[in-house]
Amino acid sequence: MRQESVITFLSVYELEPAEGKPYKRVSMEEAQRGTPPDRPVRVYADGIFDVFHSGHARALMQAKCLFPNTHLIVGVCSDDLTHKYKGFTVMNEDERYDAVTHCRYVDEVVRNAPWTLTPEFLTKHRIDFVAHDDIPYSSAGSDDVYQHIKEAGMFAPTQRTEGISTSDIITRIVRDYDVYVRRNLQRGYTAKELNVSFINEKKYHLQERVDKVKRKVRDVEEKSKEFVQKVEEKSIDLIQKWEEKSREFIGNFLQMFGPEGALKHMLKEGKGRMLQAISPRHSPSSSPTHDERSPSPTFRLPFFTKTSLSPSPLPDHSGARGYPISEDDDEDDDEN
């Protein structure tokens with residue numbers, strides 16, 4: 001019965017005046033073609049927004065971008081309504097209000113928003129469209145709390161972001177409960193603050209020490225692997241350099257001492273020089289002819305002339321001066 005009254009009310013385009021001007025709700029076609037110049041399209045999106053994450057931000061971004069000129073109003077339910085219809089929240093209502101306020105796509109925040117939208121609420125906030133994902137939202141005894149909005153033509157669907165939601169985040173924390181308890185104990189939280197018993201506290205501390213030892217062993221293993229890898233790389237580099245130097249040394253050795261090396265040529269050349277130095281020259285096989293002989297040089301004693309060559313008498317008592325004693329003189333001497 002209440003849904004019929006809401007639909008009947010929403011079929012009337014004239015809403016309550018605001019600031020002395022009548023407020024006429026625009027249709028989907030008008031909003032998509034371009035809004036009236038005097039005001040933007042007012043879009044409403046509601047939710048709990050607990051542990052505000054990227055999925056919430058993306059949904060509000062889609063609502064903001066539905067039309068060229070959009071004024072986005074976001075309703076956030078209170079703790080009482082949320083705990084009654086959905087369950088306990090991680091963040092309290094003030095924290096959730098503040099988180100939504102700091103979202104760049106939000107123009108206005110409605111605190112203590114209703115769980116089900118009423119005609120009075122839509123009229124009060126002059127709402128043109130309601131943005132939410134198209135999945136039926138069963139709650140408060142209804143199969144879909146947005147069904148009457150859809151039937152009135154005021155529903156603007158958005159897309160959910162897969163893989164991220166408040167329930168998913170809480171599931172991760174519950175699944176890895178021990179990890180996060182140990183994390184917070186390590187960061188200075190007390191067992192009382194974490195609602196952890198004395199025995200469990202000691203168990204978590206012991207597990208933390210064991211994990212530290214494991215991490216140290218793992219670090220040592222990784223460093224050892226890195227060291228071995230570096231040694232292998234250096235060994236390979238040294239072996240390659242050694243091979244290059246060895247080939248260079250062998251090439252130089254063969255070039256010097258090989259069969260056709262420089263040393264052999266040096267020895268041959270030295271041997272030839274030594275043989276030339278110690279061996280006499282060979283005499284010619286035939287004597288040169290008279291014509292081929294070179295004239296003998298004329299030898300003359302110094303200071304002698306032709307006159308000085310005439311014989312001079314020698315004394316009788318000596319044969320040292322003058323002519324030499326002839327054989328006839330010797331015979332005369334014997335006869336006397």
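User: Which helix gives the largest share of the lining of the largest pocket?

Analyst: This is a predicted model, in which local features need pLDDT of at least 70, side-chain atom pairs count only at pLDDT 80 or more, and totals for chains, interfaces and linings use all residues. Residues are numbered from 1 along each chain as its sequence is written, and side-chain values use heavy atoms, without hydrogens and water. At least two lining residues come from each of β3 (41–47), α3 (54–64), β6 (129–133) and α8 (166–175), where helices (H or I, at least four residues) and strands (E, at least two) are DSSP runs numbered from the N terminus. The largest share, five residues, belongs to α3.

User: Where does Val 51 lie, and is Val 51 buried, partly exposed or exposed?

Analyst: Val 51 has a phi near 50°, a positive value in a residue other than glycine. Its place is the loop between β3 and α3. Buried means under 20% relative accessible area and exposed over 50%, with partly exposed in between (1.4 Å probe, protein chains only), so Val 51, at 22%, counts as partly exposed.

User: Is Asn 195 buried or exposed?

Analyst: Asn 195 also has a positive phi, near 55°, in a residue other than glycine, and sits in the loop between α9 (177–186) and α10 (198–257). Because its relative accessibility is 71%, Asn 195 counts as exposed.
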